[in-house]
Amino acid sequence: MPDLQDLDALLASLPTPTLAEVEAARRAAAEAPPPEPSIIPPFVCPYPLSHPRAMVLRFPCALACGWSHEEWPSAEPFTLPQVPLTASPAECSRILSENAAAREDERKQRIEAAIRRHFAEVHPGQEPPARTDWRTR
């Protein structure tokens with residue numbers, strides 16, 4: 001078990017953002033362009049937390065035909081990227097973030113491909129709807 005005093009020392013050594021930095025980040029987020037439209041609808045978690053498949057994400061057809069695509073991220077093989085022992089904290093963060101972004105991009109492409117196949121087979125001639133905000137219909 002790690003020494004909690006070492007952890008406390010590490011946490012105390014981390015830089016604390018200033019109020020100006022926090023406000024600048026908020027302004028940047030408010031001025032950011034809207035997200036690109038996506039054909040991926042919001043997922044549903046169909047199983048209770050006590051179920052063995054509790055972490056399954058179900059992406060239903062946007063036309064509510066009953067079809068859905070399931071992803072089970074926690075069941076995917078996971079390997080950490082190679083991080084050099086000499087890497088700085090910023091470099092470690094960059095390597096881990098790039099790895100996570102690549103895995104998320106693969107998952108997104110897999111979901112989009114399943115949705116496009118479904119529309120080609122079941123809703124021929126119709127494109128999947130793309131939205132920036134799926135909370136509104």
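The charged end of Arg53 sits over the ring of Trp72, 5.0 Å from the ring's centre. That is one detail of a predicted model. The whole structure also holds one aromatic pair and one cavity of 30 Å³ or more.

**The aromatic pair**

- The search of the whole structure turns up one pair of aromatic rings.
- The partners are Phe43 and Phe59, with ring centres 6.0 Å apart.
- Their planes meet at 65°, and an angle over 60 degrees counts as edge-to-face, so this pair is edge-to-face.
- Phe43 belongs to the loop between α2 (19-31) and β1, while Phe59 belongs to strand β1.
- The pair therefore ties together parts that are 16 residues apart in sequence.
- Phe59 is buried, because its relative accessibility is 6% and the cut-off for buried is under 20%.
- Phe43 is partly exposed, with a relative accessible area of 46%.

**The largest pocket**

- The largest pocket holds about 240 Å³ of space.
- Its lining has 17 residues.
- Ser38, Ile40, Phe59, Glu104 and Lys108 lie nearest the centre of this pocket.
- Two or more lining residues come from each of β1 (57-60) and α3 (89-122).
- Helix α3 gives the most, with six residues.
- By type, the pocket lining splits into ten nonpolar, one polar and six charged residues.

**The cavity**

- One cavity of 30 Å³ or more is found in the whole structure.
- The largest cavity contains about 30 Å³ of space.
- Its lining includes Ile39, Pro41, Pro60, Cys61 and Ala62.
- Trp67, Ile115, Phe119, Pro128 and Pro129 also line this cavity.
- The cavity lining has ten nonpolar residues, no polar ones and no charged ones.

- Ile115 is part of helix α3, and it is among the residues that line the largest cavity.
- Ile115 counts as buried, because its relative accessibility is 4% and buried means under 20%.
- Leaving out residues up to four places away in sequence, Ile115 touches Ile39, Ile40, Pro41, Trp67 and Pro128.
- Ile39, Pro41, Trp67 and Pro128 are also listed in the cavity lining.
- Ile115 and Cys61 are 54 residues apart in sequence, but their C-alpha atoms are 7.5 Å apart in space.

- His118 lies in helix α3.
- At 3% relative accessibility, His118 is buried.
- With residues up to four places away in sequence set aside, His118 touches Cys61, Cys65, Trp67 and His123.
- Arg107 is also in helix α3.
- Arg107 is charged by residue type, yet it counts as buried at 12% relative accessibility.
- The contacts of Arg107, not counting residues up to four places away in sequence, are Glu71, Pro73 and Glu76.

**Exposed residues in loops**

- Ala64 sits in the loop between β1 and β2 (68-71).
- The phi angle of Ala64 is near 55°, which is a positive value in a residue other than glycine.
- Ala64 is exposed, because its relative accessibility is 70% and exposed means over 50%.
- Pro37 is in the loop between α2 and β1.
- Pro37 also counts as exposed, at 54% relative accessibility.
- Pro37 and Pro129 are 92 residues apart along the chain, and their C-alpha atoms are separated by 9.0 Å.
- Pro37 touches Ala130, Arg131 and Thr132, not counting residues up to four places away in sequence.

Conventions:
Residues numbered from 1 in each chain as written. Predicted model: local features only at pLDDT ≥ 70, side-chain atom pairs only at ≥ 80, totals over all residues. Heavy atoms only, no water. 1 Å grid on protein atoms, 1.4 Å probe; cavity = no way out; pocket = protein on both sides within 12 Å on 5 of 7 lines; lining within 4 Å. Points joined across faces, edges and corners; volume = space filled by probe spheres on them. Helix = DSSP H or I, 4+ residues; strand = E, 2+ residues; numbered from the N terminus. Buried < 20%, exposed > 50% of the residue type's maximum accessible area, 1.4 Å probe, protein only. Contact = heavy atoms within 4.5 Å. Phe/Tyr/Trp six-rings, centres within 6.5 Å; stacked < 30°, edge-to-face > 60°. Lys NZ or Arg CZ within 6 Å of the ring centre and 35° of its normal.
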